[in-house]
Amino acid sequence: MAELVYRPVVGLALTLFKAWDLKIDCKGSENIPRSGGAVLVSNHISYLDFIFSGLAALPQKRLVRFMAKEAVFRHKISGPLMRGMKHIPVDRKQGEAAYQHALESLRSGEIVGVFPEATISQSFTLKSFKSGAARLAQEAGVPLIPMAVWGTQRLWTKGHPRNFRRSHTPVTIRVGEAIEASQDKYAGAITRQLRERVQELLEAAQRAYPVRPKDAADTWWMPAHLGGTAPTLEQIREAESR
């Protein structure tokens, strides 16, 4: 199948990352299957996570079809690109259509990318996982591939300005071994196992990250439990309930 949009976009992204002098450290790409369907599952801390998650599949010569909110597909610039790359629009009011679209993609041998937290975590810690990824893998008979990204929040995240200058920002990516989504298991149990594995990978990425905050004003991108000033999940929930 010709990829008239996806591959040129990947080439452009790699060129930009080189221009920005990003230090990308990706380990575990060999855990992504070279053929056949799979659900790639990542944490979500940045608007750019889908790009870096997709980069993790390139060594295996795979392209990932990400599930993303429908508004992105309606944008005059991102919309044509998202459709051309065959990503999957998600209308949260009518999620069944997106689910069926993703299921068909998996059954045809594609890798589908899912962020089970649904939205960016402003605490930079894992939120609760929705069970859709596990249910997709079960129904399609494909594995779940857990992964974690770290450092992307320093480039562009919710509530903070973009940082696209030549900043030498490191980005750490860790991909874990496949998790079988057995049909005789409860999707909730698989989801808990998946979240635990992503948490382990996130902690591994954080330990490997070569940069620490320079001063007190630079602690915004670190979660509170690591000594940063990012709001906790409890603080975010309290603010949203007001």
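H5 passes H6 in a right-handed crossing. This is a predicted model. The axes of H5 (residues 95-107) and H6 (residues 132-140) come within 10 Å and cross at roughly 45°. The two helices are therefore oblique to each other. On the H5 side, the contact is made by Tyr-99, Ala-102, Leu-103, Leu-106 and Arg-107. H6 contributes Gly-132, Arg-135, Leu-136, Glu-139 and Ala-140. By class, the contact has six nonpolar, one polar and three charged residues.

The sheet comes next. Seven strands form an open sheet with mixed pairing, in the order S1-S7-S6-S2-S5-S3-S4. Its edge strands are S1 (23-27) and S4 (88-90), each pairing on one side only. Neighbouring strands are turned by 20° against each other on average, direction ignored. S3 (residues 64-69) and S4 run parallel and are joined by three bridges. Ala-68 has Pro-89 in S4 as its bridge partner.

| Helix | Strands touched or crossed | Angle |
|---|---|---|
| H6 | S2 (38-42), S3, S5 (111-114), S6 (144-150) | about 165° with S2 |

Is Ser-53 buried or exposed? This residue is found in helix H2 (residues 49-55). Its relative accessibility is 1%, so Ser-53 counts as buried, the cut-off being under 20%. Neighbours within four places in sequence aside, Ser-53 is in contact with Leu-40, Ser-42, Phe-66, Phe-115, Met-147 and Val-149.

How values were computed. Residues numbered from 1 in each chain as written. Predicted model: local features only at pLDDT ≥ 70, side-chain atom pairs only at ≥ 80, totals over all residues. Heavy atoms only, no water. Axes fitted to C-alpha atoms, helices over the stretch in contact; angles between N-to-C directions. Helix = DSSP H or I, 4+ residues; strand = E, 2+ residues; numbered from the N terminus. Parallel < 35°, antiparallel > 145°, perpendicular 65-115°, else oblique. Left-handed = near helix turned anticlockwise from the far one by under 90°. Contact = heavy atoms within 4.5 Å. Nonpolar A, V, L, I, M, F, W, Y, C, P; charged D, E, K, R; others polar. Buried < 20%, exposed > 50% of the residue type's maximum accessible area, 1.4 Å probe, protein only. Pairing = 2+ DSSP bridges.
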